[in-house]
Amino acid sequence: MSSLISPHGGELKNLYVTSEVAEQQKVAAKDYPSWDLSHRQICDIELLLNGAFSPLEGFLGEQDYNSVVEKSRLTDGTLWPMPVTLDVDQGFANKLSAGDKLALRDEEGVIIALLDISDIWEPDKSREAEMVFGAADEAHPAVDYLFNRSGNIYLGGKLTGLARPSHYDFKALRDTPQELRARFEKWGWKKIVAFQTRNPMHRAHQELTFRAAKEVEANLLIQPVVGMTKPGDIDHFSRVRCYEHLLKNYPEQTTMLSLLPLAMRMGGPREAVWHALIRKNYGCTHFIVGRDHAGPGKNSQGEDFYGPYDAQDLMTQYRDEIGIKMVPFKMMVYVEDKAEYQPVDTIKEGEKVLNISGTEFRRRLSEGLEIPDWFSYSEVVKELRKRYPAKHKQGVTVFFTGLSGSGKSTIANALLNKLMEMGDRSITLLDGDVVRKNLSSELGFSKEHRNLNIQRIGYVASEITKNGGIAICAPIAPYKETRRQVREMIGAVGGFIEIHVATSLEVCEQRDRKGLYAMAREGIIKEFTGISDPYEAPENPELLIDTVDCTPDEAAMRILLKLESMGFIR
Ligand code: PPS
């Protein structure tokens with residue numbers, strides 16, 4: 001463990017021990033209790049160990065935690081706005097005592113660090129939510145995480161770093177604070193303005209960073225977050241490819257791209273101060289804070305959690321002690337007559353301003369509509385179109401539900417053939433009977449087994465959908481809650497349409513193609529849907545079909561038209 005003092009950014013912690021010591025410690029650690037780190041904890045630990053969270057030397061103890069929550073300061077008075085804590089569940093904590101050593105492992109089981117446990121306590125999560133994020137409202141991603149995903153007990157203590165968390169992607173763009181400081185020194189960069197982002201960068205962002213760098217006559221560091229961002233954000237793989245395209249449009253040798261494996265909390269003003277301190281540790285002298293920095297969106301009342309410039313105000317409050325200068329920016333808008341971007345507060349009366357919101361941008365991507373050059377570079381748009389293809393190129397699941405003998409399989413088969421005839425997507429049919437012969441051959445018809453069966457179908461369909469194919473599922477799927485879960489899982493990766501084949505029980509029983517209803521009535525088959533087991537009809541299916549008044553061919557055509565009207569085929 002060491003500290004480094006350099007002209008870039010002040011004292012820097014390094015919590016790693018040498019590789020020889022690490023090997024010895026790993027052997028000893030075999031006898032310690034061990035904790036598998038969550039993704040967020042791995043992000044936090046990486047930045048603790050490499051000094052990006054200097055002056056912290058581990059996860060906060062109880063007193064420091066209380067002080068940070070209440071005052072944005074460590075107990076020694078140092079400015080630190082964000083609690084960085086190790087949460088575990090009560091059952092695990094019961095086995096630990098202060099003074100114990102704990103081995104901390106990554107997802108592959110590698111010991112990343114040892115924690116010398118100094119504190120074990122149960123935090124008041126509501127107070128943390130109120131004081132740090134401004135509200136105990138689960139619409140805030142960090143509050144949701146705090147209440148629903150993080151453990152109830154916190155462990156504090158100093159860390160000893162044994163191994164770097166591994167990354168297999170974009171290795172050339174990942175730097176520790178020490179490495180980045182060394183690079184600045186080598187390149188002769190004295191003043192560095194950092195830009196933080198969790199979104200793809202378009203022309204407005206480029207103009208903003210250009211202006212910031214010019215204003216303070218500094219080099220520019222684009223340092224996007226690639227750890228955890230707001231749920232629903234564009235994945236970092238696509239974003240980094242976009243940044244790489246954008247980088248070509250900056251003057252040579254002025255700008256650098258480096259990735260930050262931070263787990264954001266979306267904590268607005270406090271998070272801005274935290275981001276600034278992290279950038280100071282990376283050796284930057286200036287930090288851009290724009291509109292709604294690290295904003296979490298709307299609260300459960302539909303109002304913004306923070307004001308658009310609250311983050312700038314808080315940064316101003318700590319101006320004299322933070323050790324890095326803020327470069328504040330207003331929102332940039334495109335002035336059509338001047339064909340250039342300008343801060344919104346400099347627009348003169350009568351000037352025509354153009355803007356495409358994030359929502360509108362996503363709509364245009366999903367409809368395959370034009371995205372103008374003034375908004376973004378064509379290479380960036382191309383990259384995003386690859387990741388977010390227009391609806392007619394996206395995957396989709398057509399999910400049938402209905403009683404046994406209602407006609408699901410026949411219609412599904414007709415639909416399969418019609419789609420095959422069109423020939424532009426790969427199509428998979430997951431028919432109820434067929435699935436039960438293969439994927440779910442060991443399952444029966446209890447509620448538990450039926451749910452498992454539907455979840456398996458949903459999982460396979462979601463993989464097909466995610467990869468751009470069409471999955472046609474035709475199980476009975478009698479339970480509403482399971483269907484809802486499947487819809488949610490698939491909806492997150494592509495299209496989902498539910499079709500209720502609503503042929504009545506009387507008609508199904510009259511047809512009794514397989515003779516199962518007769519056997520169910522006689523009690524030979526138990527738990528038979530509609531007879532001795534419930535069927536919960538969907539309330540809002542995308543389509544309802546009764547096979548009494550249409551042929552399989554007509555039914556399949558109605559589904560094709562539905563898919564067309566929803567944009568999934570054209
Ligand atoms: S479920 O509830 O969705 O898991 O059912 P599923 O896998 O779609 O059922 C497939 C076929 O199993 C036959 N079968 C039964 N259905 C309902 N209840 C009981 N107890 C039962 N036992 C066997 C039935 O023929 C289903 O086929 P379909 O194609 O729906 O007629």
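The legends below describe close-up views of a predicted model, covering the ligand, the pocket around the ligand and a cavity.

**View 1. The residues around the ligand.** The shell around the ligand holds 22 residues, and those that come nearest are Ser 404, Arg 436, Arg 450, Ile 476 and Glu 527. By type, the shell divides into nine nonpolar, six polar and seven charged residues.

View 2. The side chain of Asn 453 has an N or O atom 2.8 Å from an oxygen atom of the ligand. Ile 476 takes part through its backbone, where an N or O atom lies 2.8 Å from a ligand oxygen atom. Ile 476 is also among the residues that come nearest to the ligand. At Lys 526, a polar backbone atom is 3.2 Å from a nitrogen atom of the ligand. Taken alone, the ligand exposes 620 Å², and the protein buries 93% of that area.

View 3. The ligand sits in the second largest pocket.

**View 4. The lining of the second largest pocket.** This lining is made up of 32 residues, and Ser 404, Asp 433, Ile 476, Lys 514 and Leu 516 lie nearest the centre of the pocket. Ser 404 and Ile 476 also belong to the residues that come nearest to the ligand. At least two lining residues come from each of H14, H15, H16 and helix H19 (516–521). Sorted by type, the lining has 12 nonpolar, 10 polar and 10 charged residues.

**View 5. The cavity.** The count of cavities of 30 Å³ or more comes to one. The largest cavity has a volume of about 90 Å³. Its lining consists of 13 residues, with Arg 40, Pro 83, Thr 85, Glu 128 and Arg 265 nearest the centre.

**View 6. Helices and residue types at the largest cavity.** Helix H2 (39–49) and helix H5 (125–133) each supply at least two residues of the lining of the largest cavity. H2 provides the largest share, three residues. The lining of this cavity divides into five nonpolar, three polar and five charged residues.

Key: Residues are numbered from 1 along each chain as its sequence is written. This is a predicted model: local features need pLDDT of at least 70, side-chain atom pairs count only at pLDDT 80 or more; totals for chains, interfaces and linings use all residues. Side-chain values use heavy atoms; hydrogens and water are left out. A residue is near a molecule or strand if one of its heavy atoms lies within 4 Å of it. A polar contact is a pair of N or O atoms within 3.5 Å; within protein, one must be able to donate a hydrogen and the other to accept it, and residues adjacent in sequence count only if both atoms are side-chain atoms. Accessible areas come from the Shrake-Rupley method with a 1.4 Å probe; for residues, only the protein chains shown count as cover. On a 1 Å grid over the protein atoms alone, a cavity is a set of points where a 1.4 Å probe fits but cannot get out, and a pocket is an open set with protein on both sides within 12 Å along at least five of seven lines; lining residues have an atom within 4 Å of a point. A molecule sits in a cavity or pocket if more than half of its atoms lie within 2 Å of its grid points. Ala, Val, Leu, Ile, Met, Phe, Trp, Tyr, Cys and Pro count as nonpolar, Asp, Glu, Lys and Arg as charged, and the others, Gly among them, as polar. Grid points are joined across faces, edges and corners, and a volume is the space filled by probe spheres set on the points. Helices (H or I, at least four residues) and strands (E, at least two) are DSSP runs, numbered from the N terminus.
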